[in-house]
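Reader: Could you take me through this one before I set anything up? I'd like to start with the fold and then go to the rings and the pockets.

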Amino acid sequence: YEFRAKMPQGTGLWPALWLLASDYQTNIWPNCGEIDIMEMRGQTPGEVLGSLHGPGYSGGAAKTRSLQVTPSLAEGFHRFSLVWTPNQIEWFIDDQLYFRVDKTEFSPESSWVFDRPFFIIVNLAVGGNFVGAVPRSTVFPAHMLIDYVRVYQAVESSP
């Protein structure tokens, strides 16, 4: 997965590109699984986060990594990428690997649930536990400017 975007800045803004398991209606979150390709807090526009949510590792206990970015996510366009294989997920920003999770890191209590179909969600949320209250000083309208969203699939080739 790859997308190129410029993020908004402002306390209480919460832009994200994420994946949710297609069976979320019958396999209730977090058991279904969620992959945050990219999310940020508008009040910290120099920080990008990548996360996994699943059974035993969700919300504040998610498997998460952050990276400080310059120029900030609000100052210029950046390319966010996720490489997802059957046994591993890797997060990149502007071709820099900053987080890797391997299937072998999971226990029966916090199982790997990333072996089913997922769909993409692109959103700019306002407020919430992750970013806090929205003060009057936050400027609206706010925009997440997206250049493109691309999904690639590996193809087996004959020797």
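Author: What follows is a talk through a predicted model, taken topic by topic.

Reader: How many helices and strands are there in the protein chain?

Author: The protein chain has zero helices and ten strands, so that from the N terminus on its elements are written β-β-β-β-β-β-β-β-β-β.

Reader: And what about the radius of gyration, with 159 residues?

Author: The protein chain has a radius of gyration of 16 Å, which agrees with the value near 15 Å that a compact globule with 159 residues would have. Along the principal axes, the C-alpha trace spans about 55 × 40 × 25 Å, and buried residues make up 43% of the chain.

Reader: OK, on to the rings. How many aromatic pairs does a search of the whole structure find?

Author: The search finds ten aromatic pairs. In one of them, tryptophan 14 and phenylalanine 130 lie 5.1 Å apart from centre to centre, with 35 degrees between the planes, and the pair is tilted.

Reader: Why does that one count as tilted rather than stacked?

Author: Because stacked pairs need planes under 30 degrees apart and edge-to-face pairs need over 60, the 35 degrees between tryptophan 14 and phenylalanine 130 leaves this pair in the tilted class.

Reader: Which parts of the chain does the pair tie together?

Author: Tryptophan 14 belongs to strand β2 (residues 13-21), while phenylalanine 130 lies in the loop between β9 (118-126) and β10 (145-150), so the pair ties together parts that are 116 residues apart in sequence.

Reader: What about tryptophan 91 and phenylalanine 99, stacked or tilted?

Author: Tryptophan 91 and phenylalanine 99 form a stacked pair, at 4.5 Å centre to centre and with 25 degrees between the planes. Tryptophan 91 is buried, with a relative accessible area of 0%, and phenylalanine 99 is buried as well, at 6%.

Reader: Which residues do ring pairs link into a cluster?

Author: The cluster consists of Tyr1, Tyr57, Trp84, Phe106, Trp112, Phe114 and Phe118. As for tyrosine 57, the charged end of lysine 63 sits over its ring, 5.5 Å from the centre.

Reader: And what sits over the ring of phenylalanine 130?

Author: That is the charged end of arginine 41, which is 3.8 Å from the centre of the ring.

Reader: Switching to pockets: how much space lies in the largest pocket, and what lines it?

Author: About 390 Å³ of space lies in the largest pocket. Its lining includes Tyr1, Trp84 and Phe114, which are also among the residues of the ring cluster.

Reader: Then the second largest pocket, which residues lie nearest its centre?

Author: The second largest pocket, with about 290 Å³ of space, is lined by 17 residues, and Trp14, Asp36, Glu39, His53 and Phe130 lie nearest its centre. The tilted pair of tryptophan 14 and phenylalanine 130 is therefore part of this lining. Strands β2, β3 (34-39), β4 (47-53) and β9 each supply at least two lining residues, and the classes are eight nonpolar, six polar and three charged.

Reader: Last one: where is serine 66, and is it buried or partly exposed?

Author: Serine 66 is in strand β5 (residues 63-68), and at 33% relative accessibility it counts as partly exposed. Its C-alpha atom is separated by 4.3 Å from that of leucine 49, a residue 17 residues apart along the chain.

Technical notes
Residues are numbered from 1 along each chain as its sequence is written. This is a predicted model: local features need pLDDT of at least 70, side-chain atom pairs count only at pLDDT 80 or more; totals for chains, interfaces and linings use all residues. Side-chain values use heavy atoms; hydrogens and water are left out. Rings of Phe, Tyr and Trp (its six-membered ring) pair if their centres lie within 6.5 Å; planes under 30 degrees apart count as stacked, over 60 as edge-to-face and the rest as tilted. Helices (H or I, at least four residues) and strands (E, at least two) are DSSP runs, numbered from the N terminus. Buried means under 20% relative accessible area, exposed over 50%, partly exposed in between (1.4 Å probe, protein chains only). A charge sits over a ring if NZ of Lys or CZ of Arg is within 6 Å of the ring centre and within 35 degrees of the ring normal. On a 1 Å grid over the protein atoms alone, a cavity is a set of points where a 1.4 Å probe fits but cannot get out, and a pocket is an open set with protein on both sides within 12 Å along at least five of seven lines; lining residues have an atom within 4 Å of a point. Grid points are joined across faces, edges and corners, and a volume is the space filled by probe spheres set on the points. Ala, Val, Leu, Ile, Met, Phe, Trp, Tyr, Cys and Pro count as nonpolar, Asp, Glu, Lys and Arg as charged, and the others, Gly among them, as polar. The radius of gyration is taken over C-alpha atoms; the globule rule is 2.2 Å times the number of residues to the power 0.38.
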